[in-house]
Each structure stands twice: as C-alpha cells, then as structure tokens.
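Please look at the sequence and the model together, and keep both in view while you read.

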Amino acid sequence: MNIPKDPNILFSYINTQLRDNYSSLDELCSSLGADKNEITQKLSALGYRYDEDKNLFTAC
C-alpha cells in the first residue's frame, strides 16, 4: 500500500490510521510495509513526535 509522500498529508493519514485501525506505530508499519524511521523523520521535520501512550503523533 502506498502511503502519502507529502509530510502534511502523511501526518493526517498516519494519525487517522493509528486512531481507527492500529494499536501502535510498529503494527501500522508492519501491516502497511512502511518504514518507521522514514515516517518519524518526515514528521519530526514538521515538529511532530510519536506519543506511544496516546498512539498518535503530536506537536513537540
């Protein structure tokens, strides 16, 4: 499955998927064949970090 390349769209897409379908970022990446480091780096560049307790990306 292709995930969005644009970081702003990626942010929205990943958080929606985490909220609706996955219990963790690891589970999402495994299921979609996505690179966790690539996702976290792209979103980190926008000022977001993954919060494991909330299971979503939030502003730093």
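The paragraphs below go through the core, the aromatic pairs, the loops and the cavity.

This is a predicted model, in which local features need pLDDT of at least 70 and side-chain atom pairs count only at pLDDT 80 or more, while totals for chains, interfaces and linings use all residues. Residues are numbered from 1 along each chain as its sequence is written, and side-chain values use heavy atoms, with hydrogens and water left out.

We begin with the core. A nonpolar core is a set of buried Ala, Val, Leu, Ile, Met, Phe, Trp, Tyr and Cys residues joined through side-chain atoms within 4.5 Å, where buried means under 20% relative accessible area, exposed means over 50%, and partly exposed lies in between, as found with a 1.4 Å probe on protein chains only. The largest nonpolar core here has 15 residues, and those with the most contacts inside it are Ile 14, Leu 28, Ile 39 and Phe 57. Helix H1, helix H2 (25–32) and helix H3 each supply at least two residues of this core; helices (H or I, at least four residues) and strands (E, at least two) are DSSP runs, numbered from the N terminus. If contact means heavy atoms within 4.5 Å, then Ile 14 touches Leu 25, Leu 28, Ile 39 and Phe 57, not counting residues up to four places away in sequence.

Leaving out residues up to four places away in sequence, Leu 43 touches Pro 7, Leu 10, Phe 11, Tyr 48 and Phe 57. Gln 17 lies in helix H1 and, with a relative accessible area of 16%, counts as buried.

Next come the aromatic rings. The structure holds two aromatic pairs, and for such a pair the rings of Phe, Tyr and Trp (its six-membered ring) must have centres within 6.5 Å, with planes under 30 degrees apart counting as stacked, over 60 as edge-to-face and the rest as tilted. The rings of Phe 11 and Tyr 48 are stacked, because their centres are 3.9 Å apart and their planes stand at 15°. Since Phe 11 lies in helix H1 (residues 7–20) and Tyr 48 in strand E1 (residues 48–51), the pair ties together parts that are 37 residues apart in sequence. The other pair, formed by Tyr 50 and Phe 57, is tilted, with 5.4 Å from centre to centre and 50° between the planes.

Thr 58 is placed in strand E2, counts as buried at 18% relative accessibility, and touches Gly 47, Tyr 48, Arg 49 and Asp 51, not counting residues up to four places away in sequence. In the loop between E1 and strand E2 (56–59) we find Asp 53, which is exposed, with a relative accessible area of 78%. Asn 55 is found in the loop between E1 and E2 as well, but Asn 55 is buried, with a relative accessible area of 12%. On a 1 Å grid over the protein atoms alone, a cavity is a set of points where a 1.4 Å probe fits but cannot get out, and lining residues have an atom within 4 Å of a point. The largest cavity holds about 30 Å³ of space, and a volume is the space filled by probe spheres set on the points, which are joined across faces, edges and corners. Among the residues that line the largest cavity are Ile 3, Pro 4, Leu 10 and Ile 39, and H3 gives the most to this lining, with three residues.

Conventions. 1 Å grid on protein atoms, 1.4 Å probe; cavity = no way out; pocket = protein on both sides within 12 Å on 5 of 7 lines; lining within 4 Å.
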